[in-house]
Amino acid sequence: MDEEIPGRLSPYVRRPKRALLPGSPAPLPLRRRIGGFFVLRFLTALPDDLADAVAALLDPFERAARLAGRLVHGPALRGGRASAAARFALALHGFHWTHWQAETDGPAGLFTARRGDGPGAAGTVTARPPWGRGDPARGAHTAACGLRRVPRLRRRPARVDLVFADGSWLALRLDTRADAARLRAALGPARSTAVRGTASPPSPAPASAPVPAPEPGHGPDIGVRAGRGTP
């Protein structure tokens, strides 16, 4: 499937550190980090820009709403910094940073999916930036993955979870329900993630054959006792 499907990384995936973005940008200076506090933003913007001042006051409520949404959504990425899921998410953040020189939650992308060749084989998903179509220098990131079965209470019509070869996974949010259905159809049936490090349950021991009871009139054979013969 060569169709590019629009979507974005789940906004509940945490942002990577600035040093991991393309070009390794320096961390924000302390003055800018303190200036981003909503009270200082409100006081600074109030004399000149009433809309920006109101937006600064609404910032804590937006953060609370995002936290509540994360609790309902559940985890959006599982895996360490070196996992395939983290590298896939970093590629999407890198596309956005390269184009806009700004950080964001849930960067957008275009996704192309291909199913694996054999039964049970992993497919591939390629992520590209949503701009620069036809540009040969356009970035891309391809990873082998399949569909992850989302728990029933966490399912959403536009949510698609990708599970990678190392067991890590992440959540995407497609633009529409139809886009999510096309991406699922391109990758094939979903599968649950295997918990690494767990042992399979022991197989039950075979049942022992029953011991036959002695026939009537025949006692057990005693044999020869020590020092004495049988009569």
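**Salt bridges and burial**

Modeller: Gladly. The structure holds nine salt bridges, and please keep in mind that this is a predicted model.

Biologist: What makes Arg182 and Glu3 a salt bridge?

Modeller: A side-chain nitrogen of Lys or Arg has to lie within 4 Å of a carboxyl oxygen of Asp or Glu. For Arg182 and Glu3 the N to O distance is 3.1 Å, so the pair qualifies.

Biologist: Why is Arg182 called partly exposed?

Modeller: Buried means under 20% relative accessible area and exposed means over 50%, with partly exposed in between. Arg182 has 30%, so it falls in the middle class. Glu3, at 36%, is partly exposed too.

Biologist: And why does Arg133 count as exposed?

Modeller: Its relative accessibility is 58%, which is over the 50% cut-off, so Arg133 is exposed. Glu4 has 23% and therefore counts as partly exposed.

Biologist: How do you know that Arg133 and Glu4 form a salt bridge?

Modeller: Their side chains meet at 3.7 Å, N to O, and that is within 4 Å, so the pair passes. Arg133 lies in the loop between strand 4 (123-128) and strand 5 (141-147), while Glu4 is in the segment before strand 1, so the pair ties together parts 129 residues apart in sequence.

Biologist: Which salt bridge involves Asp161?

Modeller: Asp161 pairs with Arg148 at 2.7 Å, N to O. Asp161 is in strand 6 and Arg148 in the loop between strand 5 and strand 6, 13 residues apart. Both Asp161 and Arg148 are buried. Elsewhere, salt bridges that share partners join Glu4, Arg128, Arg133 and Arg138 into one network.

Biologist: Why is Arg159 called buried?

Modeller: Its relative accessible area is 6%, under the 20% limit, so Arg159 is buried. Arg159 is found in strand 6 (residues 159-164). Its side chain reaches the backbone oxygen of His73 at 3.1 Å, and the backbone oxygen of Arg154 lies 3.3 Å from a polar atom of that side chain. Both distances are within 3.5 Å, so they count as polar contacts.

Biologist: What makes helix 4 mostly covered?

Modeller: Twelve of its 17 residues are buried, including Phe88, Leu92 and Trp97.

Conventions
Residues numbered from 1 in each chain as written. Predicted model: local features only at pLDDT ≥ 70, side-chain atom pairs only at ≥ 80, totals over all residues. Heavy atoms only, no water. Buried < 20%, exposed > 50% of the residue type's maximum accessible area, 1.4 Å probe, protein only. Helix = DSSP H or I, 4+ residues; strand = E, 2+ residues; numbered from the N terminus. Polar contact = N/O pair within 3.5 Å; in protein donor to acceptor, adjacent residues only side chain to side chain.
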